[in-house]
Amino acid sequence: MELENTKVLILGGWGLVGSAIARALVEERPAEIVVHSLRESEAAAAVEELRSEFTDGPTRFSPAWGNLFVRESLKDRARGELLASSASRRALIHDTMAEISVEMLEESALYRLLADRAPTAVVDCVNTATAFAYQDVYYSVRRVQESMGWFDAGEADPDALSGAVESLLTTLALPQLVRHVQILREGLRAGGTRAYLKIGTTGTGGMGLNIPYTHSEERPSRVLLSKSSIAGAHSMLLYLLARTPGGPVVKEIKPSAAIAWKRIGAGPVLKGGRPIRLYDCPPEEAVTVEAALSGDVRGWSPVQGVGGEPAVLESVWVDTGENGMFATEEFETVTALGQMEYVTPEEIAANVVLELRGGTTGREVVSALDGATMGPTYRAGVMRHRALERMRALERDHEHESVAFEMLGPPHLSKLLYEAHLLRRTRGTLRELAECDPAGTSAECARLVADDAALRARILSIGLAIRLPDGRILRGPELKIPPYKDEALSGMDAAAVERWADAGWVDLAPANFERWAGRARAILHALETHPVDDTSSRLLEDRDYWDPDGSIRPGRVAAWILGVEERGARGKSQ
């Protein structure tokens, strides 16, 4: 399709991929690019940036905003606000479960956008599978069960049970997806759209059921697999849409790697658009595990910054757009060979433009469901090296050690990175770690945590606990592990505590450092089996990679743990 003088609507255009696609499309000289985002401020900012960057061409830029999965009248209200009201909950349930009607279409935010803007082509960068699956039906079921338990105990609360059931019904992802595609089809027809291209997802960044990145759930995570399931169902529905006469050409590009990056910098670390507050819990405020889980004891306190202002977490970061900011070591871990790796948004955008123009990339899912995912790339590998070099230079310039921010999802990774960081500070090298005394290392790391309040605050403020050698716990206001504190208390025993420590506590117990010493020995043993004179491409993790007598690389070691020890490496079944 010729894109010159057309109107292109980019859904989710404020994000990393959407922004790259907008820039790539400008070269095709469309008459107008409509940039849609969830919030008005995001859409306005994206349009202003494009206008300032492209001042001479014929393309106009205009904003659009709002939640595309609800009624037009509800599109600017947060989901929490919608769920807090029985009237809006019932509206969501009705619009998902009732038979589709002309009235329902006319009230839909998505239908109105497509029908009113009448785009020639739509590029949909909204992560639909995440939006539906991460409403977390499992959590909602637990709340219903809890409310039903009140009835069994003779403490009936009809309003609470009604609210819990209604909230549960709003989390049913498959009916929401079906309704979304129904409305999409009618909106595309009403707007006269000629091409619809979806940027999809695998749900796991291209990894399998052994993916080590979760949000504190079991592995494999039910919530994460729900996301993958919805993503797969979405692809099949688009496959059907593409074979429906009278509609537009339908395509899907499905990246199967982490997508990065938007910018690299140093300064406040933002989560949800806001800086992360720093909190501290000095050793004298340590409490038992029971007290830490109950939350009754608040030994933490806000860290005060310059002039008495609340201190915030500052560090070196890489901004990955919708997925948040990553610390240096987080970025190194996730993009390591055999982990999620990554692909750049510009490569995705190039494929989008080629497909819209009628070309064949070999990465289009609807026309080739098998083998059509877009995986890691050579360019991304080259750029990764440059990104890490730039971030490490910034670490030196700003005197920051960028370890983990806990935005990626798994507290287990942040725990591993900070434990490796403590060992880098106390033991230095892999060889020293392999030969260390676990008890002495435990005591030295405990002293480091006690003496370095800034380091301690960074760990506690991102939701990790610190387990001291005597078993007591340091924590901040957020404690990510275990996820359900009330239920964890009732079932707590020594084995449960060990599971929690492994899942997401920085563990200073001697037994944990014996485990770390074993890891170092395993890595060094593997190096000893490598032929010294082998300079071929056969070996990736050779002596130069590990540098046994150089400083420990937390991200590199964490990637080894996740990939080798925990069998969470990227790959395919035989």
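Me: Which residue of β13 does I264 stand opposite?

Reply: This is a predicted model, and in it V318 of β13 is the residue opposite I264.

Me: How do I read the pairing of β8 with β13, and over how many bridges does it run?

Reply: Strands of a sheet pair through backbone hydrogen bonds, in either a parallel or an antiparallel sense. Here β8 and β13, the latter covering residues 314-319, pair in the antiparallel sense over 6 bridges.

Me: In what order do the strands of this open sheet come?

Reply: The order is β8-β13-β14, an open sheet of 3 strands with antiparallel pairing. The edges are β8 (263-268) and β14 (325-326); each has a single partner strand, so one side of each lacks a neighbour in the sheet.

Me: Which helix lies across these strands, β8, β13 and β14?

Reply: That is α15, which runs at about 25° to β8. The loop between α14 (345-356) and α15 (378-398) contains G362.

Me: What is the exposure of G362, and how far is its C-alpha atom from that of I253?

Reply: G362 has a relative accessible area of 44%, so G362 counts as partly exposed. Its C-alpha atom is separated by 9.7 Å from that of I253, although G362 and I253 are 109 residues apart along the chain.

Me: How many disulfides does a search of the whole structure find?

Reply: A disulfide is a covalent bond between the sulfur atoms of two cysteines. The search of the whole structure finds 0. For C281, the nearest cysteine sulfur is that of C445, 18 Å away. For C436, the nearest cysteine sulfur is also that of C445, at 8.7 Å.

Me: Are C281 and C436 buried or exposed?

Reply: C281 is buried, with a relative accessible area of 2%. C436 is buried as well, at 13%.

Me: How do I read the packing of α18 with α19, and at what angle do they pack?

Reply: Two packed helices are described by the angle between their axes and the distance between those axes. Helix α18 (residues 438-451) packs with helix α19 (residues 453-461) at an angle of about 95°, and their axes are 5 Å apart. That angle makes α18 roughly perpendicular to α19.

Me: Which residues make that contact?

Reply: From α18 they are L448, V449, A450 and D451, and from α19 they are A453, L455 and R456. By class, the contact of α18 with α19 has 5 nonpolar, no polar and 2 charged residues.

Key
Residues are numbered from 1 along each chain as its sequence is written. This is a predicted model: local features need pLDDT of at least 70, side-chain atom pairs count only at pLDDT 80 or more; totals for chains, interfaces and linings use all residues. Side-chain values use heavy atoms; hydrogens and water are left out. Helices (H or I, at least four residues) and strands (E, at least two) are DSSP runs, numbered from the N terminus. Buried means under 20% relative accessible area, exposed over 50%, partly exposed in between (1.4 Å probe, protein chains only). Two strands pair if DSSP finds at least two bridges between them. Contact means heavy atoms within 4.5 Å. Axes are lines fitted to C-alpha atoms, for helices over the stretch in contact, and angles run from 0 to 180 degrees between N-to-C directions. A disulfide is a pair of cysteine sulfur atoms within 2.5 Å. Angles under 35 degrees count as roughly parallel, over 145 as roughly antiparallel, 65 to 115 as roughly perpendicular and the rest as oblique. Ala, Val, Leu, Ile, Met, Phe, Trp, Tyr, Cys and Pro count as nonpolar, Asp, Glu, Lys and Arg as charged, and the others, Gly among them, as polar.
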